[in-house]
Amino acid sequence: MQRTPFGVRLLIADVRGKGLGAVSAVSVLLGAFREAAEQEADLTAVADRMERALLRESEQTSEEDHLEGFITALICEVLPGGSGLRLLDCGHPAPYLCQDGEVRPLEARDPGLPLGIGTLGAPRTAPADWPFPAGSTLLLVTDGVTEARDRAGTFYDPAEQLSGRGPFRGPQDLIDVLVRDVERWTGGPRDDDMAVLAIGRQAEGRRRFRNGANGPGR
């Protein structure tokens with residue numbers, strides 16, 4: 001999350017793979033996001049600069065330390081006044097809007113390609129605008145949440161499992177409920193990384209921001 005001249009911007013991303021290559025990719029990605037988010041007015045330009053940074057780093061590393069092949073990412077911008085959201089999906093799971101006990105996914109018409117594979121030459125999809133009503137919370141997750149399975153092999157669906165559980169007291173309350181519910185669904189802590197981010201808009205127009213944990217089983 002970063003406050004910029006263009007408003008508050010957030011990034012959630014998921015690197016394919018583990019080890020030093022993945023750690024390097026995360027470092028490059030975060031550095032490029034912080035710089036581009038401060039300088040670029042358009043989210044597509046932010047994503048393009050992150051893409052170029054990943055490709056440059058990949059060309060300069062040895063085969064042993066080569067960056068992971070691609071990274072799914074979701075870039076979010078809170079519009080002026082907090083009245084709306086602008087989302088750019090780069091092959092990442094959709095976020096969820098939580099309000100008055102209802103949880104619904106904000107599905108992109110075209111999720112677009114992940115970052116790090118720009119050499120394929122496909123054009124990047126355009127950002128989409130969504131409402132951000134007062135009192136609502138935006139939930140962003142990685143596929144460590146959406147690919148969590150129960151004993152029958154059924155995937156966890158945040159919209160289905162969290163609907164009717166609110167209203168939540170705030171972003172951190174929503175994150176805590178989600179983490180506990182995923183652990184209940186799988187029968188214990190996850191063996192896959194699970195990153196969660198939630199932001200809430202208060203009724204009086206102020207915004208609160210909370211981060212979820214990121215690590216094995218979390």
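# A quick tour of the paired strands

Ile75 sits across from Leu88 of strand β4. Both belong to a predicted model, in which local features need pLDDT of at least 70 and side-chain atom pairs count only at pLDDT 80 or more, while totals for chains, interfaces and linings use all residues. Residue numbers start from 1 along each chain as its sequence is written, and side-chain values use heavy atoms, with hydrogens and water left out. Strands here are DSSP runs of E with at least two residues, helices are runs of H or I with at least four, and both are numbered from the N terminus.

**Strand β3 and its partners**

- Two strands count as paired if DSSP finds at least two bridges between them.
- β3 pairs with β4 (residues 84-90) through five bridges, in the antiparallel sense.
- The β3–β4 hairpin leaves five residues between its strands, and Gly81 there has a positive phi near 80°.
- β2 also runs antiparallel to β3, with seven bridges joining the two; Asp14 has Thr72 as its bridge partner in β3.

**Strand β9**

- β9 (residues 196-201) is largely enclosed by the rest of the structure, because six of its six residues are buried.
- Val196, Ala198 and Gly200 cover one face, with Leu197, Ile199 and Arg201 on the other.
- Five bridges link β9 to β8, and the two strands run antiparallel; Leu138 is opposite Ile199 of β9.

**Two residues worth a look**

- Leu10, in strand β2 (residues 7-15), is buried at 0% relative accessibility.
- Leaving out neighbours within four places in sequence, Leu10 has contacts (heavy atoms within 4.5 Å) with residues including Leu74, Ile75, Leu197 and Ile199.
- Leu10 and Ala37 are 27 residues apart along the chain, and their C-alpha atoms are 9.0 Å apart.
- Thr142 lies in the loop between β8 (137-141) and α3 (143-146), and is buried with a relative accessible area of 2%.
- The side chain of Thr142 reaches the backbone nitrogen of Ala195 at 3.1 Å.
- Not counting residues up to four places away in sequence, Thr142 also touches others, among them Asp14, His92 and Asp193.

Technical notes
Buried means under 20% relative accessible area, exposed over 50%, partly exposed in between (1.4 Å probe, protein chains only). A polar contact is a pair of N or O atoms within 3.5 Å; within protein, one must be able to donate a hydrogen and the other to accept it, and residues adjacent in sequence count only if both atoms are side-chain atoms.
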